[in-house]
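Colleague: Walk me through this model, please. I would like to start with its charged side chains.

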Amino acid sequence: MEIKNEIWCFIPARSGSKTIKHKNLYKIRGKELIKYSVGFAKKSNLFNKIIFSSDSVRYFNIIKKFKSIEFHHRNKKISKDNTNDLDVFKDYIKVARKKFKYLPKYFAHLRPTTPLRRKKYVVKAINKIKKSS
């Protein structure tokens, strides 16, 4: 499989939190947390592809209003409290290998529960990673 010098953005948003139900839908200034991450990814123009990963149809319905977002529907095995983000990435990559002719060299991981981020810091992180690889 070919690896292209691209950056894909991966936004994981599981619905089944035990501590705070649907925490990814909590609103700040009337806007759900998941919309902040997707909106940032879209507006930043830093990413060749944006992937929104969830086990929730409700979450997908909220995000489908954004254009050009790829949806990764997680199965129940990787939607548990003890599932880590790496397992979700691995599952997506398995799906992407079958779906696409190539994969990106880089992935950016934007968590919905971290809605306040500045583009200059994301750019700085991307540049640092690129220099070290």
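Modeller: A salt bridge here is a side-chain nitrogen of Lys or Arg within 4 Å of a carboxyl oxygen of Asp or Glu. The model is predicted.

Colleague: How many salt bridges does a search of the whole structure find?

Modeller: The search covers the whole structure. The cut-off is 4 Å between nitrogen and carboxyl oxygen. The count is four.

Colleague: The side chains of Lys49 and Glu70 meet in a salt bridge. How many residues apart in sequence are the parts that this pair ties together?

Modeller: The N to O distance is 3.7 Å. Lys49 sits in strand 4 and Glu70 in strand 5 (residues 69-73), so the pair ties together parts of the chain whose separation in sequence is 21 residues.

Colleague: Where does Arg111 lie, and where does its partner Asp85 lie?

Modeller: Their side chains meet in a salt bridge at 2.8 Å, N to O. The pair links distant parts of the chain, 26 residues apart. Arg111 is in the loop between strand 6 (102-109) and helix 4 (119-132), and Asp85 is in helix 3.

Colleague: Which residues do salt bridges with shared partners join into one network?

Modeller: Lys49 and Glu70 form one of the bridges. Shared partners make one network of Lys49, Glu70 and Lys99.

Colleague: Which residues form the positive surface patch?

Modeller: Patch residues need over 30% relative accessible area and no salt bridge. Lys98, in helix 3, is exposed at 72%. The patch consists of Lys77, Lys80, Lys94 and Lys98.

Colleague: What is phi of Arg29 near?

Modeller: Arg29 is in the loop between strand 2 (27-28) and strand 3 (31-32). Arg29 is exposed, with a relative accessible area of 85%. Its phi is positive in a residue other than glycine, near 55°.

Colleague: Which element has the lowest mean pLDDT?

Modeller: The protein's mean pLDDT is 92, and 100% of its residues reach 70 or more. Strand 4 (residues 49-54) has the highest mean among the elements, 97. The lowest, 93, belongs to helix 3.

Terms used. Residues numbered from 1 in each chain as written. Predicted model: local features only at pLDDT ≥ 70, side-chain atom pairs only at ≥ 80, totals over all residues. Heavy atoms only, no water. pLDDT = per-residue confidence, 0-100. Helix = DSSP H or I, 4+ residues; strand = E, 2+ residues; numbered from the N terminus. Patch = residues over 30% accessible without salt bridge, like charges linked within 9 Å, V, L, I, M, F, W, Y side chains within 5 Å. Areas by Shrake-Rupley, 256 points an atom, 1.4 Å probe, with all protein chains shown as cover. Lys, Arg positive; Asp, Glu negative; His and termini not counted. Charge placed at Lys NZ, Arg CZ, Asp CG, Glu CD. Buried < 20%, exposed > 50% of the residue type's maximum accessible area, 1.4 Å probe, protein only.
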